[in-house]
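Dear colleague,

Please find the structure below, handed over for your use.

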Number of protein chains: 2
Amino acid sequence: MGNKTLNDLFLTTLKDVYYAEKAIVRALSKMAKAAESEDLKEAFLKHREESEGHVQRLEQVFEMLGKKASGKTCEAIKGIIEEGQEIMEDFGDSDALDAGLIAAGQAVEHYEISRYGTLRTWARHLDMRDAVKLLDQTLAEEKKTDQLLSELAEARANPKADRAA
Amino acid sequence: MGNKTLNDLFLTTLKDVYYAEKAIVRALSKMAKAAESEDLKEAFLKHREESEGHVQRLEQVFEMLGKKASGKTCEAIKGIIEEGQEIMEDFGDSDALDAGLIAAGQAVEHYEISRYGTLRTWARHLDMRDAVKLLDQTLAEEKKTDQLLSELAEARANPKADRAA
């Protein structure tokens with residue numbers, strides 16, 4: 001145990017994120033289906049497509065390590081997605097549904113932002129330059145999605161005002 | 001069900017974050033105890049103290065709503081903290097422990113950043129100006145902690161280089 005290294009930690013976390021991304025792809029499909037507004041549906045579907053690309057980038061990083069891509073159950077993303085599911089159940093036919101879905105989406109994005117930020121820092125320290133590039137690309141897309149959801153939250157938080165516009 | 005509003009969503013999410021903050025206070029104590037380096041220990045202890053203040057601010061927001069402060073099990077933070085616990089178990093006596101603890105801390109911070117960002121947006125739309133102020137103060141502290149952890153990650157990711165310095 002005592003001789004575990006940053007390489008081991010990197011691989012463990014890579015597996016965690018690989019599991020998370022695959023779960024996110026599935027969750028985004030459900031969230032897109034549930035969303036009331038067309039722009040939110042589109043945002044979720046676009047990010048689902050991006051997330052499929054993120055899975056592929058992670059597979060490339062596994063390859064760089066000479067390892068077979070494999071996931072490791074990520075309790076964090078399970079909990080985050082479960083909370084989104086609760087929102088869909090509890091606010092399913094209310095005016096506040098989209099606001100709740102956006103919040104769930106942003107919780108997902110922030111988990112990913114933290115994980116990709118961590119992986120990128122470690123890849124830099126491990127001198128894995130090609131991995132840094134790939135992780136950076138994904139990180140930028142996660143941040144952009146979070147920003148887009150913030151903008152939709154501003155517009156959607158008050159559905160009455162929105163409708164009157 | 002159909003007549004649930006943004007007010008209901010705000011209250012539900014407030015309870016979620018209230019539960020989360022209390023769990024975070026407990027987790028930060030354990031993480032501080034486990035951390036190898038003094039600066040990381042200090043960072044966790046300082047943020048534990050701040051988090052106690054966050055709990056109090058949330059109680060003020062409950063009061064503004066005329067509600068008794070109460071938590072609602074937050075599966076997301078349970079999962080995030082569980083992953084931190086796994087790191088402590090699996091990397092407990094390795095050189096990579098602090099890097100793993102920092103990553104766990106950043107996952108916690110990002111969850112909070114997403115939740116406080118959401119609550120602040122909704123409070124603004126619900127015209128709860130005093131709540132917006134309190135939520136903004138906490139949000140700023142969460143972001144600052146995340147930033148500090150990023151700096152520690154840069155310094156700690158490569159313990160050998162660090163020791164040589």
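Predicted model: local features only at pLDDT ≥ 70, side-chain atom pairs only at ≥ 80, totals over all residues.

Axes here are lines fitted to C-alpha atoms, for helices over the stretch in contact, with angles running from 0 to 180 degrees between N-to-C directions; helices are DSSP runs (H or I, at least four residues) numbered from the N terminus.

In contact (heavy atoms within 4.5 Å), α1(B) contributes residues including Y19(B), A23(B), I24(B) and M31(B), and α3(B) contributes, among them, I77(B), I81(B) and M88(B). By class, this contact holds 10 nonpolar, 1 polar and 2 charged residues. Ala, Val, Leu, Ile, Met, Phe, Trp, Tyr, Cys and Pro count as nonpolar, Asp, Glu, Lys and Arg as charged, and the others, Gly among them, as polar.

Helix α3 (residues 75–90) of chain B also packs with helix α4 (residues 97–125) of chain B, at an angle of about 175° and with axes 9 Å apart. These two helices are therefore roughly antiparallel to each other. Their contact divides into 11 nonpolar, 2 polar and no charged residues.

Turning to the interface, chain B and chain A bury about 3,800 Å² between them, 57% of it on carbon and sulfur atoms. Buried area is the accessible area (1.4 Å probe) lost by two parts on being put together, summed over both. In chain B, E83(B), F91(B) and H125(B) lose the most area to chain A, together 15% of what that side buries. The contact takes 47 residues from each of chain B and chain A.

The rule finds 6 salt bridges across this interface, each being a side-chain nitrogen of Lys or Arg within 4 Å of a carboxyl oxygen of Asp or Glu. R115(B) forms a salt bridge with E83(A), the closest N and O atoms being 2.8 Å apart. On the side of chain B that touches chain A, α1 (6–34), α3, α4 and α5 (129–156) each supply at least two residues. α4(B) gives the most, with 16 residues. That side divides into 18 nonpolar, 14 polar and 15 charged residues.

Residues are numbered from 1 along each chain as its sequence is written, and chains are lettered from A and ligands numbered from 1 in the order in which they are written. Local features need pLDDT of at least 70, side-chain atom pairs count only at pLDDT 80 or more, and totals for chains, interfaces and linings use all residues, while side-chain values use heavy atoms, leaving out hydrogens and water.

With kind regards

Conventions:
Parallel < 35°, antiparallel > 145°, perpendicular 65-115°, else oblique.
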